[in-house]
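Here is a short tour for anyone meeting this structure for the first time. Have a look at the sequence and the 3D view, then read on.

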Amino acid sequence: MAEIRYDVPNEQWPVHPEKATLEGRNKFVGFWTFLAGETVLFASLFATYLALKDQVPSQEHLVAADLYHLELAFVMTMFLLTSSLTSVFAVYHMRNNNFGKMQLWLGITVLLGAGFLALEIYEFVEYVKLGHTFRSSAFGSAFYFLIGTHGFHVIVGLIWITLLIIRNANRGLSVYTAAKVNTASLYWHFIDVVWVFIFTIVYLLGVL
Amino acid sequence: MAQVKGKKAGFGAVLWDYLTTVDHKKIAIIYLVAGGFFFALGGIEAMLIRAQLAVPNNDFLSAGLFNEVITMHGTTMIFLAAMPLLFAFMNAVVPLQIGARDVAFPFLNSLGVWLFVFGGIFLNLSWFLGGAPDAGWTSYASLSIASPGHGIDFYAVGLQIAGAGTLISGINFVTTIITMRAPGMTYMRMPLFTWTTLVAAILIVFAFPPLTIGVFLLMFDRMFGSNFFIVEAGGNTIIWEHLFWIFGHPEVYVLILPAFGIFSEIFSTFSRKRLFGYSAMVFATVLIGFFGFMVWAHHMFTVGLGPTANAIFALATMAIAVPTGIKIFNWIATIWGGSIEFTTPMLYALAFIPSFVMGGVTGIMQAAAPADYQYHDSYFIVAHFHYVIVGGVVFALLAGLHFYWPIITGTMLSEKLGKIEMVIFFIGFHCTFLIQHWLGLWGMPRRVFTYLDGQGYNTANMISSIGAALMAIAVIILLINIIKTLVKNEKVGTDPWGDGRTLEWSLPIPTPYYNFANTPLIRGIDALALEKEEGDGTIPAAGPVEAIHMPNNSFIPFMISFGLFVAGFGALYFASGKPWAIDAVANLPEKPWALYVLIAGLAITFISMGVRSWKDDLGYYIPKEELEADLRELEARERGAK
Ligand code: HEM
Ligand SMILES: [Cu+2]
């Protein structure tokens, strides 16, 4: 393992600091493997959702076409897609050994993610008022479990990145912290990709 | 930091060492001990089943208890015995086979083992806390939703905890085999056990998440008022069957592939030949892993998916027999013309071929969907899967135990007792399960707690029960063998079988905690055999001795797992008496303290995780001087031995 040095002079900073150590490379491969598993996890959730979509106990119960608002889902999508972009900026500055800018863009990523989360909570509250709850129907259970699992991932990602910002504040950049930041940003992209599928399979197909 | 050598450590120190260890060799021992314990437990449950079924109209076990025993037998054997025992061998052997100092994530390795241990304990505590799960190891939702009490919840939460550990270990082995191979250890030079471990680990990564989701659906429905399986609210119980078998079929390959790997090593070692058709073997392994995901609905032929779906899944299932057949022929060709040594592992390996083939043949029979309407849910199925799982996986575990025992403990099990054990186990196995094919064809259903007199089932069941007793005797002989060997504690040296072919046999025994003082250089398949034939029998070094970076021990994995264990009780009892839970749970008395237990457990877990990510854990270095001193000592010892 390369020596852990903060404040590495720019000319010694590796092109891929996140993969400069064996630990960093392991983390990279291991995390991709984990994401492969997460993909199957979400695939199972999507399958469950599709099987139970609009399966409600009675005629009065609202179904997908009555509930979903594409406008809201679109705004949420914009929040999350933009946050993915800002996390790319953060990683870009990490590769350039620019600690301050990296922290800044990570912070913006967290804010955008929090905005997304707020909208999601708003959406859930509205649905609950309309009687579409986790317990009201099989459709409701499947909807909240799929979107909720994604939302839970967002929360985990937000806490994770926030903690990274705080813990690294006094440490700065090294090949050790770079690997941590890179992993978190991979996770954040993954959450974003899953949301793209949610947008199409749940919301777009839902209102059609 | 470095180990104290030569000094006897106190019991407390040893215990603490194992609780905090991140060394794959010690984690292997934890897997072996815990897996062995659960294997014994599952074995006792099997004996209870066979005692109950030995004679007609028996009331040794009540109907309800019988259901609990068969459920716990299957669940324990698959999740808590077979898989952990395979993990024991993977941990003990794979890093050494590829020339690595440890696995890619030593910390996660420790987390994986403790999650498994706590999940297993959680599941089994159900016996003392109101009754074990009783809906079969497959826990079909239509049955498990209505099961009274918390039994099914113990199944769900316990599997969730243990399953998380398995997934983590799977990720760990995928990464280890991709990134940690020594110079020259290309993919197509990896020993077969490493290859099968890689494919099995990939299967784990893809197969466990569907189980996680399925079990979550079950937990939510039973404990938190959701409606996934509640038909009146639009739910659908078939979803469980799909999710379970999308996991379940790959799972049987997670078990059998490493078993294939162990046998491949044994065949070539004790035939003193290279494995015949190495690349075909690798190809077949990968192909089996791939097909494994496309056949799950062969467990659901009678559900009513329709003739098209049934036909597709029938064909896909039959296709798996092709790569499996390739393997069988390659093993036979490996033995062919070899100079065979009939050691205990080799005897198991030889017995494995016909036994496993019989299980494969019944598998193909069941793959014919129309015929399966006859076999399904009968004892024929029980016979099939025990032929593949016992004749394949358990034979491999026993063979592997004898084969790798010197690497794990530095001693050698008695070959005499081992052969007696093997013969009795082999006879007992066929005696138990062969006759069950006929029982099934005669119409005896599986999972029914007794049968009437005069149906023609009596003799066959008695034979089967006698066979089970024989297997129990064989396992007791193995236990005696283990105890005798450990008490005698006669140490063996490098390459104790004399015919080791792969890298793990080149290491001194006991293996130093850093494994390789020098990073080895691999020049071909069967690295050690190659050096024995072409060189001086020692593995060349890839470079000079250098300081080695090592990870620190940590108690955090234990705490994370313990926290989830505590939280599991909280979640489970939180549902008691809650109006939204399923009737079977809502009728129980309310437990107001459960919420606090849940919060406390999660707090333990998350604080432990927080500490882990907050602190820089940079490990330590073994100085070059220590390594050189070790090497000198080793040389002196070897000269002394000559
Ligand atoms: C040639 C390969 C195989 C084929 C074609 C095959 C086919 C099948 C089929 C069609 C069934 C479902 C029968 C029914 O329930 O009606 C089945 C059940 C089963 N098989 Fe196999 N199988 C094969 C190999 C294996 C292997 C290698 C294992 C394990 C190591 C295994 C373990 C099981 C188990 C555990 C069940 C029963 C599960 C249950 O219902 O509890 N099979 N097999
Ligand atoms: Cu199957």
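Predicted model: local features only at pLDDT ≥ 70, side-chain atom pairs only at ≥ 80, totals over all residues.

## Chain B in outline

## What's around ligand 1

Ligand 1 has 22 residues around it, and the closest are B:W137, B:D372, B:H376, B:H384 and B:R446. Sorted by type, the shell comes out as 12 nonpolar residues, eight polar and two charged.

Where do these residues come from? Three helices of chain B each put in at least two: α8 (238-271), α11 (344-367) and α13 (379-409). The top contributor is α11(B), with six residues.

Let's zoom in on some side chains. B:D372 has a polar side-chain atom 2.6 Å from an oxygen atom of ligand 1. B:W137 does something along those lines, with a polar side-chain atom 3.0 Å from an oxygen atom of the ligand. With B:Q366, the ligand takes part through a nitrogen atom, which is 3.4 Å from an N or O atom in that side chain.

## The metals

Ligand 1 carries an iron atom, and its only protein donor is B:H384, through NE2 at 2.1 Å. You'll find B:H384 in helix α13 of chain B. There's a copper ion here too, ligand 2, and 4.5 Å separate it from the iron atom of ligand 1.

## A threonine in a loop

Now for B:T450, which sits in the loop between α14 (415-441) and α15 (458-488) of chain B. Is B:T450 buried or exposed? B:T450 counts as buried because its relative accessible area is 19%, and the cut-off for buried is under 20%.

Setting aside neighbours within four places in sequence, B:T450 is in contact with B:Q52, B:L53, B:V55, B:P56, B:N57 and B:N58.

## Over to chain A

For chain A, an unreviewed UniProt entry gives "transmembrane region" for residues 29-52, 72-92, 104-122, 142-166 and 186-206. Take two of them. Residues 29-52 of chain A are 100% helix and 0% strand, with end C-alpha atoms 35 Å apart. Residues 142-166 of chain A are also 100% helix and 0% strand, and there the end C-alpha atoms are 36 Å apart.

Technical notes. Residues numbered from 1 in each chain as written. Chains lettered and ligands numbered in written order. Heavy atoms only, no water. Near = heavy atom within 4 Å. Polar contact = N/O pair within 3.5 Å; in protein donor to acceptor, adjacent residues only side chain to side chain. Helix = DSSP H or I, 4+ residues; strand = E, 2+ residues; numbered from the N terminus. Nonpolar A, V, L, I, M, F, W, Y, C, P; charged D, E, K, R; others polar. UniProt positions renumbered as here; feature names shortened; annotations may be inferred. Donors = N, O, S within 2.8 Å, 3.2 Å for Na, K, Ca; no water. Buried < 20%, exposed > 50% of the residue type's maximum accessible area, 1.4 Å probe, protein only. Contact = heavy atoms within 4.5 Å.
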